[in-house]
Amino acid sequence: MTWYVTVGEADPRAAEGLQDIETAVRSVPNGESEFFVVEPVPDSEDSFVQASVWTEGIALGTSYVAEVRMPSGDGFRQWRLRTKRFEDIESAVLAYMDGEAPSGAPWVDVTDEFTDS
């Protein structure tokens, strides 16, 4: 499967493999970019994983927010995670690429924020 990555303000591009995706993902905690998106179709509204810097500061340190959207039935499900542990986001990207929805207490289902129901 071809995956597309977007880093910062760049246009989506086809990833050249898992290492390329990992480099794009790591651009956020490395300070090279403020966000990344990984998706099977460029600019998809149906399926993606993305993360960005949520807060920065000396007192609080750096925090991140990540979202995963996956098709479900006639629509989609979307989950959000706010964390200081970027490793949680990295593992979610790999799970997403394997077709697995995020799981565990820190992930919150936020689908209702994006649907009429």
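Accessible areas come from the Shrake-Rupley method with a 1.4 Å probe, and for residues only the protein chains shown count as cover. The model is predicted, so local features need pLDDT of at least 70 and side-chain atom pairs count only at pLDDT 80 or more, while totals for chains, interfaces and linings use all residues. Residues are numbered from 1 along each chain as its sequence is written, and side-chain values use heavy atoms, with hydrogens and water left out.

**View 1. The whole protein, with its surface and its order of elements.** The accessible surface of the protein comes to about 6900 Å², and 48% of this belongs to carbon and sulfur atoms. The protein has two helices and seven strands, where helices (H or I, at least four residues) and strands (E, at least two) are DSSP runs numbered from the N terminus. Read from the N terminus on, these elements run β-β-α-β-β-β-β-α-β. The C-alpha trace spans about 45 × 30 × 25 Å along its principal axes. For 117 residues a compact globule would have a radius of gyration near 13 Å, and the 14 Å of this protein agrees with that; the radius is taken over C-alpha atoms, and the globule rule is 2.2 Å times the number of residues to the power 0.38. Of the 117 residues, 40% count as buried, a word that means under 20% relative accessible area, with exposed being over 50% and partly exposed in between (1.4 Å probe, protein chains only).

**View 2. The largest nonpolar core.** A nonpolar core is a set of buried Ala, Val, Leu, Ile, Met, Phe, Trp, Tyr and Cys residues joined through side-chain atoms within 4.5 Å. Of the 24 residues in the largest one, Ile21, Phe36, Val38 and Ile89 touch the most other members. The elements that give two or more residues to this core are α1 (18-26), β3 (35-39), β4 (48-55), β5 (63-72), β6 and α2 (86-97), and α2 gives the most, with six residues. Leaving aside neighbours within four places in sequence, isoleucine 21 is in contact (heavy atoms within 4.5 Å) with Trp3, Val5, Ala15, Val38, Val93 and Met97.

**View 3. Strand β3 and its pairing partners.** β3 is mostly covered, since four of its five residues are buried. Strand β1 (residues 4-7) pairs with β3 in the antiparallel sense over four bridges, and two strands pair if DSSP finds at least two bridges between them. Threonine 6 has valine 37 in β3 as its bridge partner. β3 also pairs with β4 in the antiparallel sense, over four bridges, and here phenylalanine 36 stands opposite alanine 51 in β4.

**View 4. Serine 33, in the loop between α1 and β3.** Serine 33 is buried, with a relative accessible area of 9%. Not counting residues up to four places away in sequence, serine 33 touches Val7, Gly8, Ser27 and Val28. Its side chain reaches the backbone oxygen of phenylalanine 35 at 2.9 Å.

**View 5. Glutamine 78, in strand β6 (residues 75-83).** Glutamine 78 is buried, with a relative accessible area of 1%. The side chain of glutamine 78 makes a polar contact with the side chain of glutamate 67 at 3.3 Å; such a contact is a pair of N or O atoms within 3.5 Å, of which, within protein, one must be able to donate a hydrogen and the other to accept it, and residues adjacent in sequence count only if both atoms are side-chain atoms. Beyond residues up to four places away in sequence, glutamine 78 touches several others, including Phe48, Val68, Val110 and Phe114.
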